[in-house]
Amino acid sequence: MTRLPAPRSADGPYRIALVCLGNICRSPMADVVLSERVDEAGLAGRVEVSSSGTGGWHVGNPMDRRAAATLTAAGYDPTAHRAHQFDPADLRGLDLVLAMDAQNLADVTSGADDDRVRLFRDFDPVDPGGEVPDPYYGGDAGFEEVLAMVERTAATIVAQLSDELRDQQR
Ligand code: 4NP
């Protein structure tokens, strides 16, 4: 099983950035779910989750309405999201960047090796190592599939975070 990179520093939150293409479907869904799991695990304040897209077309926009509806139906609140564009300068301050697909990963790293940049589904407990497929041009089933992947993968990430941060000073 892939392990989380160790925290960059003993103080300050563990910073995770979730990255997709448009930041209106996959990474915002993952952001909402992972943030909720982090809160439930009592790690609010010790883990910081954000999301962004490698493309800038949707900057400032709320989540895609199908992504939002899928989250709402499952009991999450998607309303706070506004799309941001990933800035490579942010890499320095991040503990972990989780890309939704291989293209997102290549765009984040510009091809350079960086073990703080991984595929989100490297942490998928059921079927690790794949991509979160882009649901934007498909039907509602694609959003359900993304939510299922995101929920089980977020649970694994939070279990590892709890482990990793347990011994850290509050
Ligand atoms: P996302 O989906 O990367 O999961 O947010 C997309 C959203 C918008 C576009 C592509 C993918 N687009 O081309 O506008």
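Visitor: Which residues is valine 117 in contact with, leaving aside its neighbours within four places in sequence?
Guide: Valine 117 is in contact with Leu91, Val97, Leu105, Val108 and Thr109 once those neighbours are set aside. Contact means that heavy atoms lie within 4.5 Å. The structure is a predicted model, in which local features need pLDDT of at least 70, side-chain atom pairs count only at pLDDT 80 or more, and totals for chains, interfaces and linings use all residues. Residues are numbered from 1 along each chain as its sequence is written, and side-chain values use heavy atoms, with hydrogens and water left out.

Visitor: Why is valine 117 counted as buried?
Guide: Buried means under 20% relative accessible area, exposed means over 50%, and partly exposed lies in between (1.4 Å probe, protein chains only). Valine 117 has 7% relative accessibility, and therefore counts as buried. Its place is in strand β4; strands (E, at least two residues) and helices (H or I, at least four residues) are DSSP runs, numbered from the N terminus. Valine 117 and proline 5 are 112 residues apart in sequence, while their C-alpha atoms are 9.3 Å apart in space.

Visitor: What makes alanine 67 a buried residue?
Guide: The relative accessible area of alanine 67 is 0%, so the residue is buried. Alanine 67 belongs to helix α2, residues 65-73. Not counting residues up to four places away in sequence, alanine 67 touches Ile24, Cys25, Met29 and Phe143. Between the C-alpha atoms of alanine 67 and glutamine 160, which are 93 residues apart along the chain, the separation is 26 Å.

Visitor: Which residues surround the ligand?
Guide: The ligand is surrounded by Cys20, Leu21, Gly22, Asn23, Ile24, Cys25, Arg26, His58, Asp134, Tyr136 and Tyr137. A residue counts as near a molecule or strand if one of its heavy atoms lies within 4 Å of it.

Visitor: How do you know which classes are present in the shell around the ligand?
Guide: Ala, Val, Leu, Ile, Met, Phe, Trp, Tyr, Cys and Pro count as nonpolar, Asp, Glu, Lys and Arg as charged, and the others, Gly among them, as polar. By these classes, the shell holds 6 nonpolar, 3 polar and 2 charged residues.

Visitor: How far does a polar side-chain atom of histidine 58 lie from an oxygen atom of the ligand?
Guide: The distance is 2.8 Å. A polar contact is a pair of N or O atoms within 3.5 Å; within protein, one must be able to donate a hydrogen and the other to accept it, and residues adjacent in sequence count only if both atoms are side-chain atoms. A backbone N or O atom of leucine 21 lies 2.9 Å from a ligand oxygen atom, and a backbone N or O atom of cysteine 25 also lies 2.9 Å from an oxygen atom of the ligand. Of the 350 Å² of accessible area that the ligand has on its own, the protein covers 92%; such areas come from the Shrake-Rupley method with a 1.4 Å probe, and for residues only the protein chains shown count as cover.

Visitor: Which residues does UniProt list for "active site"?
Guide: An unreviewed UniProt entry lists Cys20, Arg26 and Asp134. These residues are spread over 115 residues of sequence, yet they cluster in space, with a largest C-alpha distance of 8.6 Å. UniProt positions are given in the numbering used here, feature names are shortened, and annotations may be inferred rather than shown by experiment.

Visitor: What makes cysteine 20 buried?
Guide: Cysteine 20 has a relative accessible area of 2%, and is therefore buried. Cysteine 20 lies in strand β1, residues 14-20.

Visitor: Why is aspartate 134 counted as partly exposed?
Guide: Its relative accessibility is 37%, so aspartate 134 counts as partly exposed. Aspartate 134 is in the loop between β4 (117-119) and α4 (140-165). Leaving out residues up to four places away in sequence, aspartate 134 touches Leu21 and Arg26.

Visitor: Why does tyrosine 137 count as exposed?
Guide: Tyrosine 137 reaches 75% relative accessibility, and therefore counts as exposed. Tyrosine 137 is found in the loop between β4 and α4.

Visitor: What is the phi of asparagine 23?
Guide: The phi of asparagine 23 is near 55°, a positive value in a residue other than glycine. Most residues other than glycine have a negative phi. Asparagine 23 lies in the loop between β1 and α1 (26-40); with 0% relative accessibility, asparagine 23 counts as buried.
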